[in-house]
Amino acid sequence: MNYLPIDNRTKLQYLKTSVSGEAADILRNLPITNANFPIAMGILDDQYGGTVRIKHALLLKLRKLPDLSSNTSPSDLQHLAIQAGMIFEQLGSMDCNIDNTTTSDIIESKLPKRVINKLYGNGTEKYPTSTKQLILKIKEIAKVENLVAELHNNKSEGQRQVTMSTVAQINKRNHHGQGQQNNGNSHQSRQRATIPCAFCVEERMIHHPHLCRRYDSTTTRKQRANELHLCYRCLRSGHSARQCSKRCQHCHGNHHEAICLKLESGHQNGTSRNYSSSSGTNVTGHSSQRNGQQPAHAQQSQPVNMLTRNSNGNGSSHGNSSGNSNGHRGYQRKQYQHQRRFQNNREQTHLASAVEELSEEEEEAVTHSINVTEENVDGNDSTTLETTVGINDMDNDSSDIKQLPVIMMAVELPILDSNGRECYGTVFFDSGSNTSYISSAFSEKLKLTPTRTKKLRVNTFASNDSHSILSNVLQVPIKTKKAVETVELCEVPHIASNIITVEINQEIYQHLLADQKIHLNRQQKDVDILIGLDHYLQVLGQVNTLRLSNGLQLNITECGPIVSGKERPMKQILYDTYTAVNSKEDKLCQQLRKFWILESIGITESNIHCQADEEANLYFRMTTKRNPDGRYVVRLPYSNKDNIPPNRALSYGRLQSAIRRLKLDPGLLEKYAAIFKEQQELGFIEEVPDESTTDGPVVHYLPHHPVVKETSKTTKVRIVFDGSAKSSKNKLSLNDHLHTGERLLPDIAGILLRIRQRNILISADIEKAFLQLELNIEDRDSTRFLWIDTDNFQVKCYRYKRVPFGLKPSPFLLNKTIRTHLAIYDTKMAREMTHSLYVDNVYMGVDSIDQAKQFYHESKEIFSEARMNLCQYVSNCKESNEYFNTIDKAKSQDRHQKLLGIKWDTETDELIFSLPEMKAELVTKRRVLKRVAECYDPTGFLTPVILHGKLFFQTISTKENAWDTPLTDEQHKSWEKILQNWKGEEWRMPRKIFTDNLLMEADRIQLHVFTDASKIAYGTVAYLRILKINQHSDAQFIMSKSRVTPINSNYSIPQLEALALLTGVRLANYCLKELNLTIEQTFIWSDSMCSLDSLQSTSSSGSRFVRNRVKEIQDTGKDFIFTHIPGKQNPADLLTRGTTFEELKRSIIWIKRPEFLQSTSPLPLRTNSMEPAIKAITALNINQEPVIETERFSSFHRLLRTFMII
């Protein structure tokens, strides 16, 4: 290719289209440019190049040529000669002397006896004296044999056609449809396989694909074909099924026989043929008609006679008597299979009579389920209760709009087995079925005993035919959110496969309730239980269905939330998923998600445990253990271990990219390598000498890349492992196969509320926290990664012995382990650490230096027993810091620390707040959103200032602004004005809520929450008030939250005021829960008298929107006092109109709170409009001499005229 007269860009295009497999995965993320062609060649040369390596590969390929010693095919002999000749020429071009006796012996060992005889049976004069002559002689022999075989086949073709047509006519007369069956099996005497299986893709696995035992079902074979991008018709790569003309040799359908559903059903029903046998003998022992097959009527009668013996109890093919329940159930399944096999034949009459002898109840069952998948090709599955429609979408990858598969109404539910244990199964709700079913496999798993049997007549979709089946009836307990419902289910061998479902956790549920756009992870599952209309409402309970804007339906049921329906296609965002560092969208989405979570803390409902969280907790309790030294050993909680890609090629490509980046700065490469070396010395990682040897079922390679942070004072470069890496869009990552686990981290705002209460705050860090958890040896191979030997740059494989950071369940495993360990110690300090632990940081508030010393020693001892080291102790007390550093023999910590992301000056004990500064950059909608999301303020000190930024983003979102299109001049000026309003010196606030230990000495503590709303926003702010017996009173800000009014909501001011009141009640409840203080009374203040009146009204007037919010306010705030405050005194007014950074720092009403909270006088309470406000009235008496003597005038008019003249 290097000698072609074309540019490098075209060469790279040719190169990427000519490679496949692992090499294609390595080059897939490389853009097609002139500069990247030598890079691509270098990558391939590093991975596969080198003269020695190529020679060894070619010699190995020569040794692995197929063995034709028992093969009679001339075409296979010709293929062997061609392959051997190509390898010989390649080795010869590399100056490798292989024209010798050894090479000839290797080739001759592959040849059949007839060819050896032709080579050496004509005398010594014609012996091949070299390897080159041997290959030429083999080619000549193969050419002659191919010619003879072709002539013979043409000569006998007419005779063979007459013979086969005669057989078909005889079969058609003897048995309706039998001729087609025999015709489908006319290839029984096919020759032995000479090439590897298309599914196994290994040189040693030489067998026909339809006989593959590793992938022994059509479902697994289709999944494998999708992974290898194989054509469904010929099982070869390079083209789609639409471009292929091959057909199934069994049923002549548009698919390969290896994925033929009819052939699979034949195997299940005992009628499969042994295609590997050259004699053409079938499984039941009857030979084909050409070799002396029995008459058709003999085959027809045998299954019926066998069924008759079973029904009479005189014997069983399984060796079970009629009195055995297991044998009876096995007979029923056998009878069902034979009935399905002969449902269109004359034996149906015999089967009906066999059923009548049992005198079973008969019921008509209707099933109209349709399962639409993108993987099925054949639409006739005779062993299932659904009709499968095939859609092949392989050629539509280039389309901008992707048609998403329809989501079926299914959910994972716990089913109780015979011992009362929970077994999770997929329950599919089908309103088109009048009967409920359970699969035989799941029934055997539950080990439930049938109560009776029932005869069902099943009518399926798109067919006028009906058939009868005999089914066991089981009483199955299904556990819902509220109760355990026992339903009657009919057992059938199979229900449905590969239905599309979506698992809904609490986070997704909240997004769907808010009707927000979210990516749903679709999964294909086999149905264990089908619930028809007979038990539909019994299991689901009261169903509330919400129609979402994306076309889906959110069904809120007693089984949990269930999503179903067809999602409207959306324009796909095109970005590179293979680059070493993910695209801007990923970072922005993560930042936006954090911002949304912080904005929602305190005013949204807390997380509810989902089924996956319960499974992860149970798995943790069952598998976690401790070593003799006290270290915890954990396992990764897999949701599914099937089809986890190894990702070695992707990992190798990422490694090359990381090395190129590190080579630009030799110092970074040394630091990067030093980290791996240190981890190996500490026993965190270990080398994998033989990558083919595994200790567990999952083998996965984690890509990694460096993250350089110049501003870091400790670690300039960090290693980041990517557990979410995907080798292609259609495959799942390792993280997709893992449970996230329960969210055990406390809210940041809650920790800040608690650590602001005590005199001394201590912060400590768990050294290399994640790497202190040992990973079970069975899970270590899933954490493999590639790195180089920096001396010779040879690639080596390593794996983690500890839990790496970068896997989805890592935070759960760490926090669950620490909580489990702290629960062992029944001390006050251990309990407080449990609630003030955030990832690997421990925060503790104490009131004296002695308590600080006690915490140091006790915390050190507790964590050391779990083989964890608590270090980097720092506090706002100078004496305590000196004590910590002396014992730890450590350097003094910097005075400026990070306290949960907020700057903390430990010397002055102040929290430092600031806003993002203006940067010289092109302003786009994406940049605006990024700047707003960078405003980190968990407790809401800066909420009034950030409001204008959120409102501006809302404004440009309503217009047709693309994400990366520059803003208009007018929009740019508005944004610059907002950034100007964010400017100002950093704002320092005391860490402690109250100085001089007033909070601990207070006699009474009150919580005051103020709410307000406007057309653009609504919000709430909370203050903590303390009162002492000596008539001292003080109040301080603790938290605030605000929300912008939804776009195009058309909410009225009373509706928004009701929404603000509800937000205030939620914030009050959150503060009461997180403060851990004894609050005497809680007050909710609002400047809307209309809203206060609606709280006390018993009538049902008003809009439904207001009534629903009033009901929640009354339910969750029944112990609160709701009262009125004038708008000018309401500090929440700043939350609804916004202000600048400098104005907020000077705001008396925001910082100093309303004046009446500072006073010990009674509060100016007014709970409704009928109650007069309490006001202070002052009377003043003044004695003054009159200016005019009024008694001198005879009338008032004279007095008035005189007064006007004067």
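This is a predicted model: local features need pLDDT of at least 70, side-chain atom pairs count only at pLDDT 80 or more; totals for chains, interfaces and linings use all residues.
Residues are numbered from 1 along each chain as its sequence is written, and side-chain values use heavy atoms, with hydrogens and water left out.

Helices (H or I, at least four residues) and strands (E, at least two) are DSSP runs, numbered from the N terminus. Two strands pair if DSSP finds at least two bridges between them. Strand 30 (residues 910-913) is joined to strand 31 in the antiparallel sense by four bridges. Both belong to an open sheet of four strands, ordered 28-29-30-31, with antiparallel pairing. Strand 28 (896-899) and strand 31 (987-990) are its edges, each pairing on one side only. From one strand to the next, the twist averages 35 degrees.

A second open sheet has three strands in the order 18-24-23, and its pairing is also antiparallel. Its edge strands are strand 18 (685-687) and strand 23 (784-788). On average, neighbouring strands of this sheet are turned by 40 degrees against each other, direction ignored. Strand 18 runs antiparallel to strand 24 (residues 795-800), and three bridges join the two. Within this pair, E687 stands opposite Y798. Helix 20 (residues 648-663) packs on the sheet and touches strand 23 and strand 24, where contact means heavy atoms within 4.5 Å. The direction of helix 20 makes about 35 degrees with that of strand 23. Axes are lines fitted to C-alpha atoms, for helices over the stretch in contact, and angles run from 0 to 180 degrees between N-to-C directions. Helix 21 lies across strand 18, strand 23 and strand 24, at about 130 degrees to strand 23.

A nonpolar core is a set of buried Ala, Val, Leu, Ile, Met, Phe, Trp, Tyr and Cys residues joined through side-chain atoms within 4.5 Å. Buried means under 20% relative accessible area, exposed over 50%, and partly exposed in between (1.4 Å probe, protein chains only). The largest core has 136 residues, and those touching the most other members are W787, V928, L942, W975, W982, F1010 and W1150. Leaving out residues up to four places away in sequence, V928 touches V923, F952, F953, I956, L967 and W975. Another core lies apart from this one; its 41 residues include A1002, V1009, L1061 and L1092.

Strand 8 (residues 466-479) is mostly covered, with eleven of its 14 residues buried. It runs antiparallel to strand 7 (residues 452-459), to which eight bridges join it; N459 has S466 as its bridge partner there. Seven bridges pair strand 8 with strand 9 (residues 484-492), again in the antiparallel sense, and a hairpin of four residues joins these two strands. In strand 9, T486 is the bridge partner of P477.

Finally, helix 1 (residues 8-18) packs against helix 3 (residues 36-48) at an angle of about 40 degrees, the axes being 8 Å apart. From helix 1, N8, K11, L12 and L15 meet N36, F37, P38, A40, M41 and L44 of helix 3. By class, this contact has seven nonpolar, two polar and one charged residues. Ala, Val, Leu, Ile, Met, Phe, Trp, Tyr, Cys and Pro count as nonpolar, Asp, Glu, Lys and Arg as charged, and the others, Gly among them, as polar.
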